[in-house]
Amino acid sequence: MSTITLAGKDIARTDDGFFEDPSQWTEDMVPDLAKAEGIEQLTDRHWVVIRFMRSEYLTKGSGPSVRALGKSSGVPIKELYELFPKGPAKQAAKIAGIPKPIGCI
Amino acid sequence: MTKRIVILGAGTGGTLTANRLARHAEEAGLEVIVIDKDDDHVYQPGLLFVPFGMAEAEHLVKSRRRQLHRGVSYIEAGIDHVEVDQNQVVLEDGTNVPYDLLVVASGATLRPEETEGLMGPGWGRDVFTFYNMEGSIGLQKALAAMDHGRLVLNVIDMPIKCPVAPLEFTFLADAYFQGRGLRDNIEIVYATPLDGAFTKPEASKHLSHMLDDRHINLVTNFNTGEVDEEARKLISYDGQELTYDLLVTIPLHGGAAFVGMSPKLGDELDFIPTDPYTLQSKVADNIFVIGDAAGLSASKAGSVAHFEGEVLVPNILAWLAGKPLPESFDGHANCFIETGHHKALLIDFNYETEPLEGHFPGPFGLPLLKDSYLNHMGKLAFQQLYWHLLLPGHDIPMVKAQMPRAGKRNLEVKHVKTGK
């Protein structure tokens with residue numbers, strides 16, 4: 001576990017960089033979180049994905065996999081990888097302040 | 001008054017549930033109906049062995065109908081969709097089958113068409129899957145004809161049925177080409193979208209050593225976007241390329257097609273949102289789910305369907321009697337992993353506990369996470385248990401629905417979070 005400061009708040013995160021407490025997240029943290037993921041230019045399309053991840057987590061209790069994201073977010077998988085090159089589900093989950101999407105077994 | 005239970009699917013989960021329910025039919029006043037589209041029950045674990053000539057395809061198939069207890073009615077028909085609000089199933093021929101309680105046991109289906117180029121000119125030529133009978137038989141011929149080059153095993157994405165089977169395939173391929181004296185001419189590559197050999201960290205470590213020992217190249221984080229079958233290469237979404245001479249693919253999986261046609265029933269992959277402990281669907285109180293059809297974080301494996309059956313039937317009977325659901329499933333899975341040369345490894349785990357070393361089902365049982373001849377014999381013997389104990393709905397001696405804790409090492413310290 002590690003702690004970082006975002007928007008004036010101390011945020012506890014897991015070793016792999018996911019929020020311990022998703023309720024601490026606010027939208028104004030997004031630019032810094034994205035930068036840490038190597039995303040300098042946040043576009044509207046990034047926001048579509050980030051907000052979708054967030055609402056899926058709040059209604060279903062976990063973030064979607066890449067494939068589910070591609071089917072239901074309105075952003076095709078190819079574009080998801082252009083937006084989040086290091087893995088859309090993982091990167092968008094970190095930026096949206098939600099836990100790591102549950103790896104299917 | 002008689003209560004009608006309709007079970008969709010006569011595979012592992014549907015058959016054993018029907019047979020277990022049939023025993024209570026009289027006392028509980030049940031009519032049990034099973035629906036499936038054909039009469040071919042395939043012993044799916046056997047498909048892994050067909051490509052290597054270690055199992056005969058025709059010995060893996062029996063009549064679905066004949067695995068069912070006499071008191072169970074069987075309808076051989078395609079399912080068009082389910083009307084959740086009307087409590088009825090609509091068959092492809094337009095017939096309505098009303099139910100008091102529905103059990104969805106329709107498994108997972110392969111969706112190779114969802115990956116760009118996968119069903120192109122190479123499909124059936126130098127691109128195969130061993131996840132169905134046709135592919136498995138085709139692959140046997142393709143392997144026999146191969147004397148040099150690169151064999152790539154690619155998992156397109158999770159979830160898949162039997163997540164250990166792709167690894168087993170590479171182990172068996174290694175042994176197979178050694179046996180033919182050709183191993184030095186064949187490069188074997190295992191390309192997976194995961195960040196390791198397997199989903200669970202402890203087992204993943206063991207398995208990646210086993211890949212190393214066998215000189216099987218592990219490529220991780222490879223998310224296949226398309227297959228160029230003219231150029232014989234896989235192209236990932238982030239632009240990496242992987243060439244092959246023979247491609248063994250594990251295509252995308254989804255739920256049964258009728259689930260997608262049924263309003264409110266499935267999620268975006270056509271699996272059914274299900275309570276992980278009671279196996280009651282989150283869609284309607286009178287719909288329960290067993291096996292691969294469920295959108296759970298449990299493995300899509302026959303052993304899981306078997307353990308779920310022991311929980312599901314008491315819960316169904318309680319629900320029909322208006323009582324609280326008594327049983328809770330722990331996500332228990334138990335898988336033999338063939339490692340080649342007549343050896344196999346055994347893993348045993350559940351929602352909370354990842355596969356650990358030790359012995360199963362207790363301190364003097366089969367070795368866990370270690371390859372042994374005993375485990376290989378266990379895997380072979382299981383086919384008989386499957387037809388004669390598991391499907392008829394009997395308990396397998398010593399093997400319980402709940403994961404055994406005795407015999408496992410380091411049980412207290414190694415916990416994985418599932419978030420469920």
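**Burial in chain A.** I looked up burial and found that 38% of the 105 residues of chain A count as buried; a residue is buried if 20 or more other C-beta atoms, placed from the backbone, lie within 10 Å of its own. I note that this is a predicted model, in which local features need pLDDT of at least 70, side-chain atom pairs count only at pLDDT 80 or more, and totals for chains, interfaces and linings use all residues. Residues are numbered from 1 along each chain as its sequence is written, while chains are lettered from A and ligands numbered from 1 in the order in which they are written.

**Elements of chain A.** I found five helices and two strands in chain A, both being DSSP runs: H or I of at least four residues for helices, E of at least two for strands. From the N terminus on, I read their order as β-β-α-α-α-α-α.

**Extent of chain A.** I recorded a span of about 35 × 30 × 20 Å for the C-alpha trace along its principal axes.

**Contacts in chain A.** Of the contacts between residues at least 6 apart in sequence, I found that 51% join residues at least 24 apart; two residues are in contact if their C-beta atoms, placed from the backbone, lie within 7 Å.

**Domains of chain B.** I noted domain 1 (3-110 + 254-320) and domain 2 (112-252) in chain B, with bounds from an automatic or database domain assignment. Their contact takes 15 residues from domain 1 of chain B and 23 residues from domain 2 of chain B. The centres of the two domains, taken over C-alpha atoms, are 30 Å apart.

Conventions:
A residue is buried if 20 or more other C-beta atoms lie within 10 Å of its own, exposed if 12 or fewer, and partly exposed in between; C-beta atoms are placed from the backbone.
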